[in-house]
Amino acid sequence: MAPSIRIGVVAPGTRIEPALAERLKAFAADSFLDRAPEIVFHPQCFASAGHFAGDDETRLNAFVEFSNDPRFDAIWFARGGYGACRIAETALARLTDVSRPKIYLGYSDNAAILAGLYARGYANVAHGPIVVDLTRTGGEGAVKRALAWLIERA
């Protein structure tokens with residue numbers, strides 16, 4: 001069975017551990033069974049440059065690459081952590097029309113990118129749970145709600 005939606009995950013701020021990516025994929029598969037999404041983590045999510053998920057250029061390129069890739073239906077931010085505001089202006093300038101219909105979901109400093117998308121007329125932008133929320137108290141519920149919104153707009 002084909003996935004219900006293909007979600008690209010990027011980390012414009014702080015990195016995540018590969019184990020979290022695997023945990024999220026398993027959680028999504030268990031939670032949504034026959035409509036589970038395909039979740040693809042950009043390798044940049046696991047990069048390290050100080051406390052960032054790679055240097056500014058690496059984070060910028062990952063966001064632009066997945067946003068401009070027609071194979072993704074949604075872009076989900078892995079984690080916050082200051083870095084998104086450093087790349088937002090340049091990243092937004094490099095987006096193509098392919099990026100417009102996608103769903104974008106995140107919060108924290110990712111709001112710098114989300115606000116820019118919204119200001120440019122992107123219709124599917126939401127301030128909501130990020131991947132790292134799966135590690136927080138009560139986070140499974142938040143991530144399940146985020147996935148339901150990404151998959152079904154529920």
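Predicted model: local features only at pLDDT ≥ 70, side-chain atom pairs only at ≥ 80, totals over all residues.

**Entry 1: Gln44**

I began with Gln44, which sits in the loop between strand 2 (38-41) and helix 2. Residues are numbered from 1 along each chain as its sequence is written, and side-chain values use heavy atoms, with hydrogens and water left out.

Is Gln44 buried or exposed? Gln44 counts as buried because its relative accessibility is 3%; buried means under 20% relative accessible area, exposed over 50%, and partly exposed in between, with a 1.4 Å probe and protein chains only. I then listed what Gln44 touches, not counting residues up to four places away in sequence: Val10, Ala11, Pro12, Ala53, Thr58, Arg59 and Ala62. Contact here means heavy atoms within 4.5 Å.

**Entry 2: Thr14**

Next I looked up Thr14, in the loop between strand 1 (6-10) and helix 1. Its relative accessibility is 14%, so Thr14 counts as buried. With residues up to four places away in sequence set aside, Thr14 touches His51, Phe52, Ala53, Arg79, Gly80 and Gly81.

**Entry 3: two positive phi values**

Which loop holds Leu33? I found Leu33 between helix 1 and strand 2. Phi of Leu33 is near 35°, a positive value in a residue other than glycine. Leu33 is exposed, with a relative accessible area of 65%.

Ser108 also went on my list: its phi is near 65°, positive in a residue other than glycine. Ser108 lies in the loop between strand 4 (103-106) and helix 4 (111-119), and at 37% relative accessibility Ser108 counts as partly exposed.

**Entry 4: helix 2 and helix 3**

I turned to helix 2 (residues 56-67) and helix 3 (residues 83-93), which pack at an angle of about 60° with their axes 9 Å apart. The axes are lines fitted to C-alpha atoms, for helices over the stretch in contact, and angles run from 0 to 180 degrees between N-to-C directions. Helix 2 and helix 3 are therefore oblique to each other; under 35 degrees counts as roughly parallel, over 145 as roughly antiparallel, 65 to 115 as roughly perpendicular and the rest as oblique. Helix 2 brings Asp56, Arg59, Leu60, Phe63 and Val64 to the contact, and helix 3 brings Gly83, Arg86, Ile87, Thr90 and Ala91.

**Entry 5: helix 1 and helix 5**

How do helix 1 (residues 18-32) and helix 5 cross? Their axes come within 11 Å and cross at roughly 70°. That makes helix 1 roughly perpendicular to helix 5. Arg23, Leu24, Phe27, Ala28, Ser31 and Phe32 in helix 1 meet Glu140, Val143, Lys144, Leu147, Ala148 and Ile151 in helix 5.

**Entry 6: the core**

Last, I checked the largest nonpolar core, which has 53 residues. Such a core is a set of buried Ala, Val, Leu, Ile, Met, Phe, Trp, Tyr and Cys residues joined through side-chain atoms within 4.5 Å. Ile7, Val9, Phe41, Phe63, Trp76, Ile113 and Leu147 touch the most other members. Helix 5 (residues 139-152) gives the most to this core, with seven residues. Leaving aside neighbours within four places in sequence, I found Phe63 in contact with Val10, Ile75, Phe77, Ala91, Leu95, Tyr104 and Ile113.

Methods:
Helix = DSSP H or I, 4+ residues; strand = E, 2+ residues; numbered from the N terminus.
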